[in-house]
Amino acid sequence: MPVPDTAVFTDRSGFVPDGPPRAVVRARTVADVQRTLAEASRTGTPVVTRGAGTGLAGGAVTGRDAIVLDVSGLDRLLGIDAADGIARVEPGVITADLDRAAAAHGLMYAPDPGSVAICTVGGNVATNAGGLRGAKYGVTRDSVLALDVVLADGTLLHVGHDTVKGVVGLDLVSLFVGSEGTLGVVVGATVRLLPRPVRVATAVAYFATVTEAAEASVALGTAGVRPAVLELVDGPTLAAIDDLRGSGHAGQGGALLLVQTDGFGAGEEIAVVAEVLARTARGVQTTEDPAVAADLAAARRDALPAIEAKGRVLIEDIAVPRSRLAEAVDGVHKIADATGTDIFVFAHAGDGNLHPIILLPPGDPAAAHRAADEIFALALALGGTVSAEHGVGLLKHPWLERELGPGVLALQRRIKQLFDPAGILNPGKAI
């Protein structure tokens with residue numbers, strides 16, 4: 001079909017492809033995907049699979065002479081089995097829609113990326129997306145039981161198990177989750193659903209410094225509590241929120257922690273949280289009232305919009321061991337000073353996942369990328385990773401060997417060659 005506007009072959013990474021794709025295929029059935037891949041394999045034509053295009057690493061960017069395979073039209077929720085706690089979905093199902101459907105059965109789909117209202121389950125599988133509830137419930141991989149995958153030659157496979165437990169054969173599901181469309185195209189998923197919490201309790205605490213906030217988040221990990229949400233917002237981000245909303249967050253401290261507990265013991269657990277935070281916080285507020293909780297959580301919800309209101313940004317994503325979170329945030333701020341860039345940080349503190357948001361300097365946008373490279377180096381120096389949930393895509397591809405080492409990278413590329421002998425699936429990305 002004729003190639004439409006650039007929205008079909010770019011994503012939110014800001015990466016500009018070298019030209020329009022050869023064609024766009026809007027799949028409506030699994031057979032459409034099979035036919036497309038079989039023909040592409042026969043002709044050696046690269047194929048880039050995409051869903052909603054919300055990715056931040058360039059994984060869905062499609063260059064000249066490639067085919068865009070749009071699977072967002074495979075958007076049926078095939079069924080929910082409340083007794084077994086599973087759902088079967090196609091890749092184009094919006095993540096928030098799946099969670100809402102599960103709620104009608106008293107269940108929830110736990111993964112909740114920041115783009116939950118617009119991203120798709122297939123895209124979440126491709127990048128192993130995380131989210132705010134990751135501190136307690138893990139990432140997408142922890143909720144995927146089985147996948148329907150079309151290989152590069154058009155072969156359709158069902159991998160994994162439609163039961164919560166199953167150990168027969170190698171764990172191919174975990175291999176496909178996070179592979180960014182380089183091993184096959186996901187056309188269906190069996191995902192785990194969990195009981196929806198009957199109670200949620202919320203605490204917000206302000207700290208004099210971001211180091212104190214980070215250290216307090218680590219202290220929670222040794223206090224016998226397991227928050228569902230544990231988020232950190234630094235001082236520059238609080239000031240940006242104040243600029244956008246007219247609020248007074250920055251006047252209350254140099255950093256904020258948002259903590260939520262859930263389940264039957266949410267109130268008792270949040271009391272322990274408040275006790276731990278009060279040791280170093282300037283102030284702690286707790287509530288079990290949903291309306292009050294929404295107001296308390298507004299600072300975390302407003303973080304990215306407030307930063308984006310200041311100009312174009314580069315949204316980055318690293319993770320470090322939780323015990324080194326304070327070092328990581330402090331290191332990012334030092335990189336900002338050294339490079340002369342404005343960098344804002346918020347973090348999924350419960351699992352050591354930081355999002356440094358770099359404001360692109362109008363006169364020198366390359367400075368943002370230089371700062372990002374230093375941030376990646378910092379993550380590795382602290383025993384972390386250059387990507388926790390956004391994926392590698394194009395933007396972090398040069399860092400693969402530095403993190404994995406040549407031996408591991410060579411092994412991964414041999415695995416890709418086994419699944420995709422002609423090298424047509426999302427070439428140059430992820431692996």
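How many bridges join β4 to strand β5? The answer is four, and the two strands run antiparallel. Helices and strands here are DSSP runs numbered from the N terminus, with at least four residues (H or I) for a helix and at least two (E) for a strand. Two strands pair if DSSP finds at least two bridges between them.

The model is predicted, so local features need pLDDT of at least 70 and side-chain atom pairs count only at pLDDT 80 or more, while totals for chains, interfaces and linings use all residues. Residues are numbered from 1 along each chain as its sequence is written, and side-chain values use heavy atoms, with hydrogens and water left out.

Strand β5 covers residues 86–89, and within β5 the residue A87 is the bridge partner of I80. Both strands belong to an open sheet of five, ordered β4-β5-β9-β7-β8, with antiparallel pairing. At the edges lie β4 (77–81) and β8 (156–160), each of which pairs on one side only. On average, neighbouring strands of this sheet are turned by 15° against each other, direction ignored. Angles run from 0 to 180 degrees between N-to-C directions, and axes are lines fitted to C-alpha atoms, for helices over the stretch in contact. Helix α2 (residues 95–103) packs on the sheet and touches β4, β5 and β9 (185–192). The direction of α2 makes about 35° with that of β4. Contact means heavy atoms within 4.5 Å.

L74 is found between β3 (67–70) and β4. Is L74 buried or exposed? L74 counts as buried because its relative accessibility is 1%; buried means under 20% relative accessible area, exposed over 50%, and partly exposed in between, with a 1.4 Å probe and protein chains only. Leaving aside residues up to four places away in sequence, L74 touches several others, among them A27, V30, P91 and V187. The C-alpha atoms of L74 and R42 are separated by 24 Å, and these residues are 32 apart along the chain.

Strand β11 (residues 200–207) is mostly covered, with seven of its eight residues buried. Eight bridges join β11 to strand β13 (residues 255–262), and the two run antiparallel. One of the partners in β13 is T261, which bridges to A201. β11 also pairs with strand β14 (residues 283–287) in the antiparallel sense, over five bridges. In β14, V284 is the bridge partner of A205.

Two helix pairs remain, and helix α12 takes part in both. The axes of helix α6 (residues 210–221) and α12 come within 8 Å and cross at roughly 155°. The two are therefore roughly antiparallel to each other. Angles under 35 degrees count as roughly parallel, over 145 as roughly antiparallel, 65 to 115 as roughly perpendicular, and the rest as oblique. The contact involves V210, T211, A214, E215 and S217 of α6 with L325, A326, V329 and H333 of α12.

Helix α12 (residues 325–339) also meets helix α13 (residues 366–381): their axes come within 10 Å and cross at roughly 150°. This pair is therefore roughly antiparallel as well. From α12, the contact uses A328, G331, V332, I335 and T339, and from α13 it uses A371, E374, I375 and L378.
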